[in-house]
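Colleague: Could you walk me through this model before I set anything up? I would like to go from the overall fold down to single residues.

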Amino acid sequence: MRADNTQHLLTASRRRAEHTRLRAVSALRRMDTAGVPITFEALAREAGISRSWLYAQHDLRAEIQRLRARHHPPPTAAVPPDRQRASNASLPHRLRAATDRITQLEDDNRRLRDALATALGHRRHAAILGHPDTRDTPNKQPPESDRTPLRQAGHTTSTTPSAKHLPRP
């Protein structure tokens with residue numbers, strides 16, 4: 001019959017748990033004293049223990065959360081300095097300036113849309129009537145060696161506009 005060694009295993013397990021707890025507590029104190037941000041991962045790395053073990057220790061978990069809250073207070077809304085804040089008297093002026101700017105931008109957009117519509121209309125009219133495009137910049141021709149007549153490439157060209165571009169009667 002084999003000897004009962006469970007007592008020795010239990011003693012070793014308790015000793016290992018106490019040693020792990022001691023390492024966690026001392027690492028937590030060192031981190032708190034040094035002002036290092038305290039997280040479960042950082043503490044586990046510092047103490048050489050697993051995070052899952054830390055989460056399972058309710059008293060240590062509560063202490064970590066308490067220290068974390070003390071070192072990192074909840075963020076507050078960023079408040080600009082007094083000299084940068086708008087006064088009650090300046091708010092209507094700022095609103096009026098913003099409204100004027102919006103009106104100016106809307107006018108610019110309307111003028112640009114009208115100019116684009118006119119240019120596209122002229123281009124379409126020229127395409128329907130078979131006139132060459134009028135461009136602001138000169139049309140650069142590719143070198144003679146790069147030009148391939150469309151008929152040689154198997155394409156046919158027509159000088160008559162297609163029926164879909166003709167004005168309706």
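Predicted model: local features only at pLDDT ≥ 70, side-chain atom pairs only at ≥ 80, totals over all residues.

Colleague: What percentage of the residues count as buried?

Modeller: The protein has 169 residues. Buried here means under 20% relative accessible area.

Colleague: Which element gives the largest share of the largest nonpolar core?

Modeller: That core has 15 residues, and Leu28, Ile38, Leu43, Ile49, Leu54 and Ile64 are those with the most contacts inside it. The elements giving two or more residues to it are α1 (6-34), α2 (40-47) and α4 (58-71). With five residues, the largest share comes from α2.

Colleague: At roughly what angle do the axes of α1 and α2 cross?

Modeller: Two packed helices are described by the angle between their axes and the distance between the axes. Here α1 passes α2 in a right-handed crossing. The two axes come within 9 Å, and their crossing angle is roughly 115°.

Colleague: And by class, how many nonpolar, polar and charged residues make the contact of α1 with α2?

Modeller: From α1 come Arg23, Ala24, Ala27, Leu28, Arg30 and Met31, while α2 brings Ala42, Leu43, Glu46 and Ala47. Arg and Glu count as charged, and Ala, Leu and Met as nonpolar. Sorted this way, the contact has three charged, no polar and seven nonpolar residues.

Colleague: Leucine 54 is on the core list; leaving aside its neighbours within four places in sequence, which residues is it in contact with?

Modeller: Leucine 54 is one of the residues with the most contacts inside the core. Beyond those sequence neighbours, its partners are Ala24, Phe40, Leu43, Ala44, Ile49, Leu60, Arg61 and Ile64.

Colleague: Is threonine 20 buried or exposed?

Modeller: Threonine 20 lies in helix α1. Leaving aside neighbours within four places in sequence, threonine 20 is in contact with Ile49 and Trp53. Its relative accessibility is 13%, and because the cut-off is under 20%, threonine 20 counts as buried.

Colleague: Which side chain makes a polar contact with the side chain of glutamine 57?

Modeller: Glutamine 57 is found in the loop between α3 (51-56) and α4. Its relative accessible area is 18%, so glutamine 57 is buried. At 3.1 Å, the polar partner of its side chain is the side chain of arginine 21.

Colleague: One more, then: how far apart in space are glutamine 65 and isoleucine 38, C-alpha to C-alpha?

Modeller: Glutamine 65 sits in helix α4. Its relative accessibility is 45%, so glutamine 65 counts as partly exposed. In sequence, glutamine 65 and isoleucine 38 are 27 residues apart, and the C-alpha to C-alpha distance is 8.4 Å.

Notes
Residues numbered from 1 in each chain as written. Heavy atoms only, no water. Core = buried A, V, L, I, M, F, W, Y, C linked by side-chain atoms within 4.5 Å. Buried < 20%, exposed > 50% of the residue type's maximum accessible area, 1.4 Å probe, protein only. Helix = DSSP H or I, 4+ residues; strand = E, 2+ residues; numbered from the N terminus. Contact = heavy atoms within 4.5 Å. Polar contact = N/O pair within 3.5 Å; in protein donor to acceptor, adjacent residues only side chain to side chain. Axes fitted to C-alpha atoms, helices over the stretch in contact; angles between N-to-C directions. Left-handed = near helix turned anticlockwise from the far one by under 90°.
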